[in-house]
Structures are given as C-alpha cells and as structure tokens.
Amino acid sequence: MANMVQTVTGPIPVSALGRTLMHEHLFIAFGGAEFDPTAIFNRPAFIAEAVKRLRELREIHGVRSFVDPCPIELGRDAAMMKEISEKSEMHIICTTGFYFEDMGLPPYWRARTTEEIAELYIREITHGIGTTGIRAGAIKVATGAPVITALEKKFLAAACLAQRATGVPIITHTQDGVGAPEQQRLFADGGVEARNCLIGHCCGNADPVYHRSVVDGGSYIGFDRIGIPRLQPDEVRADNLAKLVKDGFAGHIMMSQDRHCGWLGKMQRQLSPEEQARIGMLKSEGKWPPPYSYMFTDFLPMLHARGVNQAEIASMLDDNPRRFFAGEPIPGA
Ligand SMILES: [Zn+2]
C-alpha cells in the first residue's frame, strides 16, 4: 500500500488528496492537429482560463485534486499541467500510457515489445516524463469497441508490468459502453489486483447488470462521463448510480465528467449543423467549453432526488480516490 501519490508538482500524502475528480482533462490535441494551419493555440490565454476554472472548482466546490489521464499521444503536456497546478493551487495528477488503436497508438510504439512499452511507463512513473522531472501518478489504459484488439492487448499487458513494478494504479478508457469485463480479465491475467483498476466510462452502458459485473469483479467503476448527453442521458446515469449505492457498492464508484477546457484545432469528429449551432449559442453565453462545476450544480441534485445522501456523495468523492491511490481494500458490499 502507498502512503504517497505523485502529483505534477511532486509527491503528496494520499491523505492530502481531499475531494478528487478522477477523470477530467485540461488540454487535448488529437494526432495531426499540429499540421492544421487554422489550429491556433494561445498558451498563456489557455493557462489563464484553466487556472480560473480550477480555482472555481476549488473555492466553490471544495475540489482539491484533479486527475488528468491524458494519453501520451493526445497532447499531454506535463509542464503546462504543472504551471496550471501551481497557479490554481489544485493538485493535478497526470498519467503515463497510450490511447486505443482507432484513435491513437503511434506507429513507433506499435512496433515495440511489451517490455519496451513497460520500460517507458516505468520510467515516466519513477524518473519523470521526458526531461521535465514530472512523474506520472497513474497508468492510462484504453481499449476500443466492439472488441479489444491484439495491439491494445499488448499495451494493456505493458501497463500490467508497469503496475506491478511500481504499485501505481490503472485508469482505463472503454469505448461505447463495452469492454469492461474483458479489461478486468486481462488485468487479472497480468497479475494486477482488481482494486488497483478504475474501469472507466462504464456509465456509457445503460444496463445495471453490466455495472454489477464490474463491481462484483472488485474494480472501481467509472461514472465519469457525467454531463455528456450524446453518450448517455444523465437521467440514466443517475438511476444506475443510485442503484449501485442502494445495493451497497458506493465504495466502488468514481464520479467525474471527462471534460476539458482547451484543445488544438477543430473538434475531433465532424459536428452536425445542429451541434455547431448549439455550441455557437453556448459560446455566446460564455458556457463553452462546458464548466467542470456541472457535476456539483446539476448532477448531484439528481442523485439527491434518487435517495443518495450527502454522506454517501462525500464518501464517493473524498474517500474512494484516496483509497484507490493508497491501494487499500474496498469495503465489502
Ligand atoms: Zn478522458
């Protein structure tokens, strides 16, 4: 078990994490955006905006720690995270690890062995990212849909080696609400304890049987795309989350929003004219990109309305992340 967690400004005791959002982003750049001449990124302006948003999270909503599991090849910028952390007084934890095959996995790393990939991950955890001296505090694993590919399995196996060598936990991306049970099996095959894994984006699946299988498997479960109606209405998320709490699994649940406040160039996917119009409207109202505070202002009241009490919410936001980074057993359901 670990007493300390690595943030982008250095190690802190796990007890200092406090209220933590386990899966948010600051900045994203999909591979190739750097070649788009229309992609203009004003770094100082972005940093100022991110600092403002994190200060609001800290001062109004009591959030003390912010985990940004940006994959290496999606514009991860540890030095920028460090500057934002220092200016906002928010603990920020970054990760090592790549994205999934459809949208990531640089050719150079596809050609590497499991051991070579693990070596990179271990170095970023124990020494630092590049020459920054900034160490990753967790490992990112991502798999696609409808099946996990052979390449993705190699990167997942490398993450298992790095987890066992360093003890830091794993945070995952699943796609289209599938793949969580298979990820769990692959982690078990790789010798990683279920409690060291946060299986992400499970709220993308509407079926409570799916969620139950994840918590029965002993992992943490990510309801970490709160406020993304395109992927799942929040009513469904709230119903399913409240059911897990009622069934005694609050100790497994990580709530977050997978939001970001800046990106390079255009959106990753082509937007419909309706979406473009809606975004234009939100921009004009100063509500774009959508704020990190949404969970507190809009989603938690939906949980209250479904019988989840304040103590249960506080425990999910404060205790679960600390226990996850400490590697402690999850209290029995
Ligand atoms: Zn994410």
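Trainee: In this predicted model, which residues are exposed on the other side of α7?
Mentor: The buried residues of helix α7, which spans residues 208-216, are Y210, H211, V214 and V215. Seen down the axis of α7, these buried residues fall within an arc of 130°, so they line one face of the helix. On the other side of α7, the exposed residues are V209 and D216.

Trainee: Which residue caps the N-terminal end of α7?
Mentor: At the N-terminal end of α7, a side-chain oxygen lies 2.9 Å from the backbone nitrogen of V209.

Trainee: What kind of aromatic pair do F98 and F155 form?
Mentor: F98 lies in the loop between β6 and α3, whereas F155 belongs to helix α5 (residues 150-166), 57 residues apart. F98 is buried at a relative accessible area of 3%, and F155 is buried at 6%. Their ring centres are 5.6 Å apart with 85° between the planes, and because planes over 60 degrees apart count as such, the pair is edge-to-face.

Trainee: Over the face of which residue does R112 lie?
Mentor: The ring in question belongs to an aromatic cluster formed by F98, Y108, W109, Y121 and F155. R112 is placed at 4.6 Å from the ring centre of one of these residues, over the face of Y108.

How values were computed: Residues numbered from 1 in each chain as written. Predicted model: local features only at pLDDT ≥ 70, side-chain atom pairs only at ≥ 80, totals over all residues. Heavy atoms only, no water. Buried < 20%, exposed > 50% of the residue type's maximum accessible area, 1.4 Å probe, protein only. Helix = DSSP H or I, 4+ residues; strand = E, 2+ residues; numbered from the N terminus. Arc of directions from axis to C-beta. Polar contact = N/O pair within 3.5 Å; in protein donor to acceptor, adjacent residues only side chain to side chain. Phe/Tyr/Trp six-rings, centres within 6.5 Å; stacked < 30°, edge-to-face > 60°. Lys NZ or Arg CZ within 6 Å of the ring centre and 35° of its normal.
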